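Take a walk through this model, starting with the whole chain and ending at a single side chain.

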Amino acid sequence: MKNNELKKYVDKISATYKDDKGINFIDVNNLPQREKIIEILELIMEVVFPGYTGKRPVTKWNINYILGDIISQVYTDLVDQSEKALQHLCRIKKDCDRSQCRQMAQKAVDHLLNELPNIREILKTDVNSAYDGDPAAQSFEEIIISYPGIIAIATHRVAHELYKSNIPLIPRIMSEYAHKTTGIDIHPGAEIGANFFIDHGTGVVIGETAVIGSNVKIYQGVTLGALSFPKDERGRVIKGGKRHPTIEDNVTIYAEATILGDVVIGRDSVIGGNTWVKDPVPAGHRAVITHTGTAIRKPGSKKPRTKNNE
Amino acid sequence: MKNNELKKYVDKISATYKDDKGINFIDVNNLPQREKIIEILELIMEVVFPGYTGKRPVTKWNINYILGDIISQVYTDLVDQSEKALQHLCRIKKDCDRSQCRQMAQKAVDHLLNELPNIREILKTDVNSAYDGDPAAQSFEEIIISYPGIIAIATHRVAHELYKSNIPLIPRIMSEYAHKTTGIDIHPGAEIGANFFIDHGTGVVIGETAVIGSNVKIYQGVTLGALSFPKDERGRVIKGGKRHPTIEDNVTIYAEATILGDVVIGRDSVIGGNTWVKDPVPAGHRAVITHTGTAIRKPGSKKPRTKNNE
Amino acid sequence: MKNNELKKYVDKISATYKDDKGINFIDVNNLPQREKIIEILELIMEVVFPGYTGKRPVTKWNINYILGDIISQVYTDLVDQSEKALQHLCRIKKDCDRSQCRQMAQKAVDHLLNELPNIREILKTDVNSAYDGDPAAQSFEEIIISYPGIIAIATHRVAHELYKSNIPLIPRIMSEYAHKTTGIDIHPGAEIGANFFIDHGTGVVIGETAVIGSNVKIYQGVTLGALSFPKDERGRVIKGGKRHPTIEDNVTIYAEATILGDVVIGRDSVIGGNTWVKDPVPAGHRAVITHTGTAIRKPGSKKPRTKNNE
């Protein structure tokens, strides 16, 4: 490419940055960095499941040194990134006092570090649920090293604490990283109880205002989604408001079921595979597909043998 | 392992390469390299959304230098890879004059670089659609940094320009990279209008000959697929031909809907979740599941409370 | 963060490791390392599809040197990792003689290396099926470089040999890596015949005891799963036992179909999209959705035009 051609391309593209609002990040070096967030998340995972990556041998003699090293790095980097995220929000809101951002960031990271022991406790119950619920699981170690559902829920439990501290952007970057690596899309706003198990997981979607109790088991392709969005006078959807399901304790939701809207699925209920639920389900009930069946027939024959799916 | 055992394995495996047609790449050092293509794609994304990775701070003072650096690298590497891809096609077709490959490669890359300002314009409309369509979205920056649908459509808009220039292999490597990172599988041949928004996205499949208008919104698990493939006398499917849906302007397609074959979904239509559509839908109509319902019942009881899904 | 605050966090988290069973890897430096397993898997892929990554040019002059280099590295590293995996199982079982682990590891890796020529032969049939079955496929090279289904089945065929040799953890780490990169979740226990093709693939789940014949074609979102799990007196699922479908030769299973339990789908059958099958399907039959349809209607109108989905 000749120099004048290069200049032509540069000038043409550069011109599109000038009047641009929204899709460039020029002069905004205070945005949080995606790669840095992922690095921080992976350090936190080393604290949550010490030694599981096998990157460095962890012994009872060196563990406190390793912890000290990781936690001080997480603290420094996550405060820094959180401050950038808060300042970014300030720039959007305009009526915001940016001098508070650093202090808010420190408070949020302190809260997360204080919660890590609790997060470990609850993740133990999640790993235990996976072991109890999957006939193919042979050991806890196998589950932590290889089950995508564990990566997804561990990431969620960390991201959710930052979400509760009103840190913007960062929880969502964490949850999308888990989505990318596991196919499981849990919005950091969702509230999820102990003993939670997602099997296989690809295609699972759990919305921002979903609330999930204890001992809930979910299979691949399950959506806990919103039904429709009220719109403002400009036709834009109105942000905020409870719009996703509440799942009570001991509920099992089989593959590809879709539950939409702010409905309650009562405790001890079972939601069958491929069902589509927009109404509440009382405690102890089953939701199953009706009327639908699969006909098995010889090509050319007129009368199928029909089997209802229940 | 002893030396003679190693030799035994090497000889046995090496022997399988000798008569091999199709699954080895020996002596074909002119194939495009997957890793190089991904590197090029990520450089193009830096041009499209400058600064979004946070890898290097971008300011109005340095942006033209950064652009010049990236574009000259993209030009050199992409021409090189495109030439390899074209020469690969020549080897398969046999009746092809390989001397034209370099010129065709240059023309294709020139076309793509010329289109980048337009691609940025249309991607702005896509980001805007995501913001308007998702109550959980808080800022444009959040969408670009964390929404898989934006990565998928941005990659597609780049790959599609190379597809139109008849560059083999490379557009498909790009689209499969987006598929791998987002769970969204858009064939580079698909034609997609402005203001396009894919929410969540895992499991979305959009086929090679699909045509999508403006203001179309698609949820996770939606398939725009082919119904069946005509076969030749050897029982092999015949390549080519329009075999995927046409979606007109302002259509919304909810989660897990499957639309198959070369049918038209008319403007302003809504396709309900989990529907299975093989017939045209006239403009302004809704397609909803009929007869199917979900029964909610107490185990042991005989008469289910049935609710139709509409 | 002040030093005493850091110490406080370290002590609190460290305390949770003390009484911990299951979710830490302290003092267990004999566990296999996930990153090492993936490195080994990628080396094996270089043997299976030589030169496909384009990382190093492969010619008929250097191929034996490259093979020798790769195979001796795979042998050393995989024996080492397999021994660690076997010793891990010994620690769990307790009644196990750890002195046999190294020998068992060597035998398993010898078996895998001996099988590599056969794995190549059968993968050729898989690539051929993809070419014959997808109108969009332009060359064998395109399929190997960019089709996720090929990565998934190639990984499976390798992991399955280690599974048959009773190597724990490692086959599952390999299959979950393929799941992560392709969205296709094949348990290493599944038995899969020649000429196997998975198109698109996101959301496919194939269970541990599934058996699949030759010439089988599967589309995105298909589940070959278990129906329910018998439980022991403690309410835990009982491990082991055939609980997934058997798919005979020449069967095609369209997108989103769910087949559950230890049922036989007879040869030459076709399973329609979105069907839900829990009963055997005799040879040469079709399973299609019945009763379900999609109504296309003008909003406000009372009488929908109904179309059954068959």
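How many helices and strands are there in chain A? Chain A has seven helices and 16 strands. Keep in mind that this is a predicted model.

Start with the overall numbers. Chain A holds 310 residues, and 61% of them are buried. Its accessible surface comes to about 12100 Å². Carbon and sulfur atoms account for 49% of that surface. Now take the contacts in chain A between residues at least 6 apart in sequence: 44% of these join residues at least 24 apart.

Next, the sheet. Five strands of chain A form an open sheet, ordered β1-β4-β7-β10-β13. The pairing is parallel. Strands β1 (185–186) and β13 (276–277) of chain A are the edges, each pairing on one side only. Strands of a sheet pair through backbone hydrogen bonds. Look at one pair inside this order. Strand β4 (residues 205–206) of chain A joins strand β7 (residues 223–225) of chain A over two bridges, in the parallel sense. There, Ile206(A) stands opposite Leu224(A) of β7(A).

Now move to helix α5 of chain A, residues 140–146, and find Glu142(A) in it. Which side chain of opposite charge is nearest to Glu142(A)? That is Arg172(C), 4.1 Å away. A salt bridge needs a side-chain nitrogen of Lys or Arg within 4 Å of a carboxyl oxygen. Glu142(A) has no salt bridge, yet Glu142(A) is buried. Leaving aside residues up to four places away in sequence, Glu142(A) touches Ala136(A), Ala137(A) and Tyr147(A), along with Leu169(C) and Arg172(C).

Notes
Residues are numbered from 1 along each chain as its sequence is written. Chains are lettered from A and ligands numbered from 1 in the order in which they are written. This is a predicted model: local features need pLDDT of at least 70, side-chain atom pairs count only at pLDDT 80 or more; totals for chains, interfaces and linings use all residues. Side-chain values use heavy atoms; hydrogens and water are left out. Helices (H or I, at least four residues) and strands (E, at least two) are DSSP runs, numbered from the N terminus. Buried means under 20% relative accessible area, exposed over 50%, partly exposed in between (1.4 Å probe, protein chains only). Lys and Arg count as positive and Asp and Glu as negative; His and the chain ends are not counted. Contact means heavy atoms within 4.5 Å. Two strands pair if DSSP finds at least two bridges between them. Accessible areas come from the Shrake-Rupley method with a 1.4 Å probe; for residues, only the protein chains shown count as cover.
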